[in-house]
Every structure is written in C-alpha cells, then in structure tokens.
Amino acid sequence: MGNSLAKPFHRRQWLSIEQAVNHLSAVSEEPLTSGDLADLAEEHQLELFWYRPGQQLAYLGRPEVRELDQPLRLCAENHSDWHAIVDILRHRPALPAYEQDTPLLEDAAGDRLRITFDNRARPEPFSSRWYPNFAEIMLRRRDVEQLEPQLFSAQDGEGDMDAHLLLNVIWQLEQLALDSIEPHHPPSWLADQLAQRSGAPDRGALERVLAAAEREGQRGHPH
C-alpha cells in the first residue's frame, strides 16, 4: 500500500535531484548539475526534503514514533548539518558518528523529528544510513518552477554589467560601424576588436554584452 501512495505524489508534487537537474537543463538549454542546486541550497534559496519510505521517526520532546511516509523538510538552522546535507548534492556523503548527530526534520505542523532505528536494525557509526543519500533528497516541484525565472534571467544577463563598460561598448560599436567594410561580424570577432580598441581587461564580459545584445535584437525582430 505504501508504494501505491508514493508514486502519485512523486509525479505531481515532488522531484528527485536528478529529475530537477534534467528539467532545469532542458528548460534553460544549458547543462546544469546537482552542484548548481547545492550552491542554491547553501545560500538558503532552495529547501531540501528527505524521503525514505518506511524509515522510523521520533518526535523531539514527545514519546511518539511515526513512519516517514512522505518527504519532510530538512532543517537548515544548524550550520554543520546543513553543510553536510548540501554536500550530499555534490556527491560527498555525510557519515555521522551517532544517532543524535542526524539532521533535524520538520513536518507540516512544525513538529521536529529525527530518524530512529530499532536496536536490531541500528546502523553502525559512520554508516550512511544516518543521513539521507543522494537519491533520498527531494525538491518540491513548485519550488523548482518558481526558481526558473531567477535562474534564467541571471543566465541571460550574466549578472549586472558595469555601466561604464556598457557605455564604452556602445561608443566603440559606433566607431566600428563607421570603420568596418564587412556587413556583419560574430560577437567573438567584435569582442576582440573592442578589447584592442578600448583596452578592456575582461574580453569575456565584452563578448557576453554583445551576445546579450544580439539575443535582444533577435527577440525584437522576429522572422
């Protein structure tokens, strides 16, 4: 019965890390990795959830024990815990020494929990069973969808450009247009020419400006 309930909510509400990476890579047409998601989680821009069907959980300050039957939020309040969890996305498994070293979980009601084991099934110290593994970390689908505009606007603009650099690029392009006898040049050629003329130290930034300008021009003049 547990498996029959797990499949629908995985499809509709939740994404594994691998699914999220594949989705974001397809939408952005840029290769992303779980390390990119780790960077966002480290900056507290992304919540992570633990899903290990059948895992026992103990409430903090209460005698009840329950079963992990849906993803629960991994708490980011403890810096060392959160760093270890984020590192799992970078394929660096966390190996805590004992039970109280496991990360805190929080349910929808705000109750805090930790994983627990029967004495017969208790893992050895430094076993990966005390922490989530890569496949057990989940993301909310809506969180990933809300993240898309932020990720892709940053990719399009490549961050804030220096205003003086932009003004210099525009001025140099005007000069170049007067001097050039060719009707069109690729951004890489233009970046080389501009770097030579203006003495700009960052040729890569120049090329990004030109590529962004070219993209904007194509948007404004659909074929």
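The structure is a predicted model, in which local features need pLDDT of at least 70 and side-chain atom pairs count only at pLDDT 80 or more, while totals for chains, interfaces and linings use all residues. Residues are numbered from 1 along each chain as its sequence is written, and side-chain values use heavy atoms, with hydrogens and water left out.

The chain has 8 helices and 8 strands, taken as DSSP runs (H or I of at least four residues for helices, E of at least two for strands) and numbered from the N terminus. Of its 223 residues, 39% are buried, that is, under 20% relative accessible area, with exposed meaning over 50% and partly exposed in between (1.4 Å probe, protein chains only). Among contacts (heavy atoms within 4.5 Å) with a separation of 6 or more, 66% are made by residues 24 or more positions apart.

The interior can be approached through its nonpolar core, a set of buried Ala, Val, Leu, Ile, Met, Phe, Trp, Tyr and Cys residues joined through side-chain atoms within 4.5 Å. The largest such core has 36 residues, and Leu 37, Leu 48, Trp 82 and Leu 139 touch the most other members. Elements that each supply at least two residues of this core include α2 (17-28), α3 (34-42), β8 and α5 (141-157). The largest share, 6 residues, comes from α4. Beyond its neighbours within four places in sequence, Leu 37 contacts residues including Ile 17, Leu 46, Leu 89 and Leu 139.

Rings of Phe, Tyr and Trp (its six-membered ring) pair if their centres lie within 6.5 Å; planes under 30 degrees apart count as stacked, over 60 as edge-to-face and the rest as tilted. By this rule there are 2 aromatic pairs. The ring centres of Trp 14 and Phe 49 are 5.0 Å apart with planes at 70 degrees, so this pair is edge-to-face. Because Trp 14 lies in strand β1 (residues 14-16) and Phe 49 in strand β2 (residues 49-50), the pair ties together parts 35 residues apart in sequence. Both Trp 14 and Phe 49 are buried.

Phe 117 and Trp 130 have ring centres 5.2 Å apart and planes at 90 degrees, so they too are edge-to-face. Phe 117 is buried, with a relative accessible area of 10%, and Trp 130 is buried at 3%.
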